[in-house]
Protein chains: 2
Amino acid sequence: MNEEKKVLGILGGMGPLATVDLYKKIVLLTAAENDNAHIHTLIDSDTDIADRTAAILSGGKDPLPELLKARDNLVRAGAECLIMPCNTAHYFLEPLREGCPVPFLSMLDAAAEAAAVKYPGKTGVILATRGTLATGLYGRTLEKHGVPFFEPSEEEKDVLMHLIYDIVKASRPLGEGIPLFRELLRGLKKRGADYFVLGCTELPILAMEVPQEGPFIDATLELARAAIRACGYAVEERDVKP
Amino acid sequence: MNEEKKVLGILGGMGPLATVDLYKKIVLLTAAENDNAHIHTLIDSDTDIADRTAAILSGGKDPLPELLKARDNLVRAGAECLIMPCNTAHYFLEPLREGCPVPFLSMLDAAAEAAAVKYPGKTGVILATRGTLATGLYGRTLEKHGVPFFEPSEEEKDVLMHLIYDIVKASRPLGEGIPLFRELLRGLKKRGADYFVLGCTELPILAMEVPQEGPFIDATLELARAAIRACGYAVEERDVKP
């Protein structure tokens, strides 16, 4: 065992398919020739975490106690670096970092850094839940990295919420949401979007069905890359869709 | 929380992509309308577990101590039912069940039961690592369920080992292995195979690229179904490839 290599902890379950998507991206992007060269990864796909958007927007049950419980469970089990495949849950990142004995990476920072590097001067649009958008967290993170952006209209937010909750989180066949998603992306391009920041972990799952409608900044993919590096492994330069 | 619902623990990392594949199948096959209706799942994708085939066939490092460590880590973290997405590792299932305070399901039993139900009287062929085949475990499990079967020839085993180790476990593009895999399957059909038991967790990942070459019994898929039921959830009747 290389002393500098860290055990990765994934605070997941928000939703479960997004957790699958992140871990798959980590495995595919880790430069490794056999099982033992991969990152030792612990996942708590804790499906008892209350809905983040409902908590932020409408006084729903606070997810923080369960988030802290899952965080502590991962650290106790041996995690030395933590990540969380849910953009909306990053509203709670600061309290999760407080008293945490290991680094807790930010998915939003990973996405914003990638946007700044890949599309300098271009205008992105943030595709996310109403909860994430209402917090203004993504906007502030993009501003910090000097990335021009705009947000979807109220009507477009409705479409996004439908796709995220009624299709992906409900494990419906993705094909049911594709025509609506395509129409949304084309409309946003007409309104000036040069590329799309997939700021909800359910969206890359849809976007991989329509790669030609991009380009996309996949926050899940950028978090995977950041986590591999933070754990002391090399990132394989490979095309992982979207 | 329903009192009868159990937290699932996945003893993974053998290999990491197979762990992704199993957890994805569990999520897709769980009848659930939102994040909170899914199974709370803990995963230890422990990439320090020594190669199972090398240990069985050629006196390689014993994987059992690390397997027991991961098992205990999962139970300590809250797992109430355990599964292990690696057919070869089932050679160590009995010592893993000893002293284990929670049920530890068998992937081989899940696959054999499915074969008996879906293809009664038909002849299956076991596609697995040399380690799994050498233990005779699959054969005995299929016999227990009255399933006629045969094993690949020495030459065919070489092809399987190449596909498993040099393509899937090495995270090579799957396309590199497809022509060889297709040729292998067609040859086995000519020799009397009515269907293929995918008795290595890396093989469904290849088989999903060539669904028309089946039919397949996917041990990973059958284990996913068994785990969902064992944790007190309903299985969605849905087509998950292969």
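Colleague: Which residue in β5(A) is the bridge partner of G124(A)?

Modeller: The partner of G124(A) is F149(A). This is a predicted model, in which local features need pLDDT of at least 70 and side-chain atom pairs count only at pLDDT 80 or more, whereas totals for chains, interfaces and linings use all residues. Side-chain values use heavy atoms, leaving out hydrogens and water; residues are numbered from 1 along each chain as its sequence is written, and chains are lettered from A and ligands numbered from 1 in the order in which they are written.

Colleague: What makes β4(A) and β5(A) a pair?

Modeller: Strands are DSSP runs of E with at least two residues, helices are runs of H or I with at least four, and both are numbered from the N terminus. Two strands pair if DSSP finds at least two bridges between them. β4(A) and β5(A) have two bridges, in the parallel sense, and therefore pair under that rule.

Colleague: Why are β5 and β7 of chain A called edge strands?

Modeller: The open sheet of chain A has the order β5-β4-β6-β7, with parallel pairing. β5 (149–150) and β7 (216–218) each pair on one side only.

Colleague: How many bridges join β2 of chain A to β2(B)?

Modeller: Five bridges join these two strands, which run antiparallel. Within this pairing, L42(A) stands opposite D44(B).

Colleague: What is the extent of the interface of chain B and chain A?

Modeller: About 3,200 Å² is buried between the chains, 47% of it on carbon and sulfur atoms. Buried area is the accessible area (1.4 Å probe) that two parts lose on being put together, summed over both. The contact (heavy atoms within 4.5 Å) takes 37 residues from each of chain B and chain A.

Colleague: Why are K169(A) and D35(B) said to meet in a salt bridge?

Modeller: The rule asks for a side-chain nitrogen of Lys or Arg within 4 Å of a carboxyl oxygen of Asp or Glu. For K169(A) and D35(B) the N to O distance is 3.1 Å, so the pair qualifies. The rule finds four salt bridges across this interface. On the side of chain B that touches chain A, the elements giving two or more residues are α1 (16–29), β2 (41–45) and α3 (64–77). α1(B) gives the most, with eight residues.

Colleague: What kind of peptide bond joins G214(A) and P215(A)?

Modeller: The bond is cis, with omega about 5°. P215(A) lies in the loop between α10 (203–207) and β7 of chain A. Another cis bond joins M14(B) and G15(B), with omega about -10°. G15(B) is in the loop between β1 (8–12) and α1 of chain B.
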